[in-house]
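Please open the model in a viewer and keep the sequence panel at hand.

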Amino acid sequence: MSSSLTARGLTDRSTTSEFEAKTTSNNAEGNGDNGITNAAMVTTAQPNGLGPGSTTAKLKSPPPEQQSHIVRRSLIAASFWLLVLCLGIPIWWKTTTIYRANLPLNQMMNWADGKSCSPVFPIRIVIEAPSLTEQEAQSLISITQNALDAMHDFPGHRLRLEAASQTSLGGIIAPHDHENNALIIRLTPGDIATFEPASSPHAHLPIFEITYPPNSKPTPEAKSSQLATYIAAQLRSTFAEEQAILSYFLATSTISSDQQPQGSHNRIDESLSKRMTRSMKYSGTYHLTFSLFTSGSNPSSWDIDSAINQYLRPVLDMLKPIHNFTIDTQVQLYAVPGVQSQVLTKEDLSSFINAAEWPLSPSIGGAPTINFVVYMGNQTIDLYSGEETSQSWLVPQWGSVYLLSPPAATHVPSEFLKQPVLTFASHLLSLLGTPQSGSLPMRLSTLTRVRSVDMLLRASSSLGSLARLSLALPSISIPPSVADGVAKSIHHLELACSNLGSTKSLEHARIAETEAERAFFEKSMVGQLYFPDEHKVAVYLPLLGPVGVPLFTSLVTEFKAWKTRKL
Amino acid sequence: MKLSRILQLPVLLASTLLAPVHHVAAEHTSNWAVLVGTSRFWFNYRHLANVLSMYRTVKRLGIPDSQIILMLPDDMACNPRNAFPGTVYSNSDRAVDLYGDNIEVDYRGYEVTVENFIRLLTDRVGDEMPRSKRLLTDDRSNILVYMTGHGGNEFLKFQDAEEIGAFDLADAFEQMWEKRRYHEILFMIDTCQANTMYSKLYSPNIIATGSSELDQSSYSHHADNDVGVAVIDRYTYYNLEFLESEVRDLSSKKTVGDLFDSYTFEKIHSHAGVRYDLFPGGADVARNRLLTDFFGNIQNIEVDGAKNSTVDDEMLALSRTIARLRVLADQEALESKNATTSANTETRPKKKIQLTKSLTDDNWWSKKVVGATTLAGCVALWTLGSYLEGSRK
């Protein structure tokens, strides 16, 4: 039986037993009143001495009642009622109500519907043009901005151009000075030979270097310029993938379509949604498992440690602000793959992992695992599509597999593992949902932005789920910790929303998401106990029957007596 | 520009190579199975055999142990009445030992409770719960939920003490849907009056099937005279027979509809029920779902092209530089912060005596007061008692 119902039963039983004790004592005293019904006995119980005396007067009509007896009897009946109404019912009510903390339901639903935060990303782009005068730079910026606004294919994404501040002009810029800037465009005049502008991304900073022919310098009066159009086109192509990813997130989120920015629907293409499906759910920490499976007894050891340090560690370090990683490795001998055939087709590859026998889920820690498997065997891949393929394949949301033909030695040196580990690194990037175009620093900063939006939307949808759930299941209890988590989550969501586009936004969105998840998955909120009404009747009837019948009959008799006296 | 071109290559490759193969956008990426037996004791041998044979089937079709939640309320293999210790068979020919040597029971014995089952579905578990005992599904997961045991009208008995109602189950599924914890669910139940159990479900994307109608019993298939009890139920037996003979591996194209059509009254001795109306598109769409979508683990792998997209040395060097730059920047930030903070706070080594600290600090004083009052009350009572006793003498 339920805990809450038992509690309800217990309280009632305690009050009942109290009543019963009194009833029996009254019975003992009024033992001789044969003509009176059992219920009436309770109310008409006489004080000591009177009861035994009336046993002899069976056939006689009872003597007229004294006024004091009548008063006393009604007082007794009233006191029982008083007890039930003032003590019994409040205790029953108090002990059986389900605690439901107040949740800001409207606010939560607004977040879920995307009304609280319009997902518009002001992306700041700084133009550094040391060779231009301020006026020239301003006019260039306004023309380019106009050109960008004219394109306006995705209004959720606003590219905002700014001129670089004078202090940073010319000097080398430390990356943290530009945390809020998505991109820096550095304009340098080319020599006479350059006829049209050319651009190249900077190697390790989000900087775009554009050299332009000196004659295309914009004049303050000009309405358009070759350079401005060029910059606008470059920017557009640079941010195209990010826009596509963002609109994908918006389309798949719970936000209703009328809240979304216009025109974000038609841009989701097949390959993008495939890429998004492939990537893992965001987590602050991932666990990477590197496994060596060999078909025989050879090789039995590998130099994975140095291979990881050499070929994977730089990538992991690079991703550090976004994700943490823990790593473990294993070697399994005599591993039988799920498919035995020599030439592997695509269908074979999908069941190549012998999930039933290979120990691939270490359950270490609480982080989701990404598996990287090196299989030493003689099998080859042939897709029969004419395309030449490499020896590796990616399993969406799971990890990747690399086939290697076994070396003669029992030990695998790290050079031998170079290609597999590098493949794993690229697979890791795509499993983490890193965009695939643009320079590496641009891809990273895009990943940060995209993930913060992802977190923001997920936290919002969790809040919405919780709000709908608390409305749908009125019998579920909501402990204060849930309200707490919701408040924190909303607070961080607001912060994330106001900082949207900066690196802080990811941090806040991450906290908001964790809090929202924790609130939703609160351990004590188990909606386990559905009780149909007949169950409740069945539980309450045995308790309320014995208590209620004497109470009500006493009330009725008292009322009747009062009426007859009045007449 | 060269680098970016290289990086764009996989996009092009992926779109040309793989786009025509995967035309269904809303596909699932992982398969989970929740297999629940709910009855204890030797005479319910068949229920555990039901569950274990389902377990073998989904494992055969590639769902890894980490994605199978197996709930066994009793240990038939080690039951003292088992004539074949250490084994469980679902057929009197005893060809296949279901217990085998590679079995991972997630919830066993008295851990199999209604509460744990609901907690599993809704993932409302404490931090102490290991990942292997949790249903870590997302909106791309297909789940097979199989339950067997003794049941009645709109309930299924768990162990010998409690029962799960059809409403509880429906609410649990609704909570899963609300939190986007599944893509599609195939719900199978083999118990008496099984069809009543799924009648209250109201969440979308669920195909439900049960062994028997209201007021119908679900019968066992046959008994093994040496084991001494019935070893499998009819409904499960014919499900397995279909799966063993028609779905031999993951390439099978048999659909859910094919399986449901194989149910006949002659075989099962009760009217197996099917519910399609929760599925968007209704019966037609639901019936066309492949059985391997639920019983198998399909992985839509992506094979790398020959000129593949590996991170090359250039990129490694690049990422090293980025990481180094970031470390430098962090150091700088830290130094500048230290410079400002160290100026106004003199570093004075403070001697602190570590006091013992209670684990929970809340209401420390009120607890002390309550304790003191209780002690004082006891002392007062004792004094009063001894005083009264003394006065009586």
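A residue is called buried here if 20 or more other C-beta atoms lie within 10 Å of its own.

**Stop 1: a helix of chain A**

Select residues 503–520 of chain A, which form helix 15. Helix 15 of chain A comprises 18 residues, and its first and last C-alpha atoms are 26 Å apart, close to the 26 Å expected at 1.5 Å a residue. Next, colour its buried residues, among them Leu506(A), His508(A), Arg510(A), Glu513(A), Glu515(A) and Phe520(A). What covers them? Display helix 13 (440–472) and helix 14 (480–498) of chain A, which are included in the cover over the buried residues of helix 15.

**Stop 2: an annotated span of chain A**

Now select residues 75–93 of chain A, for which an unreviewed UniProt entry lists a "transmembrane region". In the model this span is 100% helix and 0% strand, and its end C-alpha atoms lie 26 Å apart.

**Stop 3: confidence**

Before moving to chain B, colour the model by pLDDT. The complex has an ipTM of 0.73 and a pTM of 0.76 from the predictor. Chain B has a mean pLDDT of 82, with 84% of its residues at 70 or more. Residues 1–25 of chain B, however, have a pLDDT below 50, and this stretch makes 32 contacts in the model beyond near neighbours in sequence. Where pLDDT is low, the predicted coordinates should not be read in detail.

**Stop 4: the open sheet of chain B**

Show chain B as a cartoon and trace the open sheet of 7 strands, whose order is 3-2-1-4-8-9-12 and whose pairing is mixed. Which strands stand at the edges? They are strand 3 (107–108) and strand 12 (273–275) of chain B; each has a single partner strand, so one side of each is left without a neighbour in the sheet. Then select strand 1 (residues 30–37) and strand 2 (residues 68–72) of chain B, which run parallel and are joined by 4 bridges. Within this pair, Val36(B) has Met71(B) of strand 2 as its bridge partner.

**Stop 5: two hairpins of chain B**

Select strand 5 (residues 151–152) and strand 6 (residues 155–158) of chain B, an antiparallel pair with 2 bridges. Gly152(B) faces Phe155(B) of strand 6 across this pair. The hairpin has 2 residues between the strands, and Glu154(B) takes a positive phi near 60°.

**Stop 6: the annotated active site**

Finally, select His150(B) and Cys192(B), which the unreviewed UniProt entry annotates as "active site". Although spread over 43 residues of sequence, they cluster in space, with a largest C-alpha distance of 6.4 Å.

Begin with His150(B), in the loop between strand 4 (141–148) and strand 5 of chain B. His150(B) is partly exposed because 17 other C-beta atoms lie within 10 Å. Leaving aside neighbours within four places in sequence, its contacts are Ser39(B), Lys157(B), Thr191(B) and Cys192(B).

Is Cys192(B) buried or exposed? Cys192(B) counts as buried, because it has 22 C-beta neighbours inside 10 Å. Cys192(B) sits in the loop between strand 8 (184–190) and strand 9 (206–210) of chain B. Beyond four places in sequence, its contacts include His150(B), Gly152(B) and Ser217(B).

Technical notes. Residues numbered from 1 in each chain as written. Chains lettered and ligands numbered in written order. Predicted model: local features only at pLDDT ≥ 70, side-chain atom pairs only at ≥ 80, totals over all residues. Expected span 1.5 Å × (residues − 1). Buried ≥ 20, exposed ≤ 12 C-beta atoms within 10 Å, placed from the backbone. Contact = placed C-beta atoms within 7 Å. Pairing = 2+ DSSP bridges. UniProt positions renumbered as here; feature names shortened; annotations may be inferred. pLDDT = per-residue confidence, 0-100.
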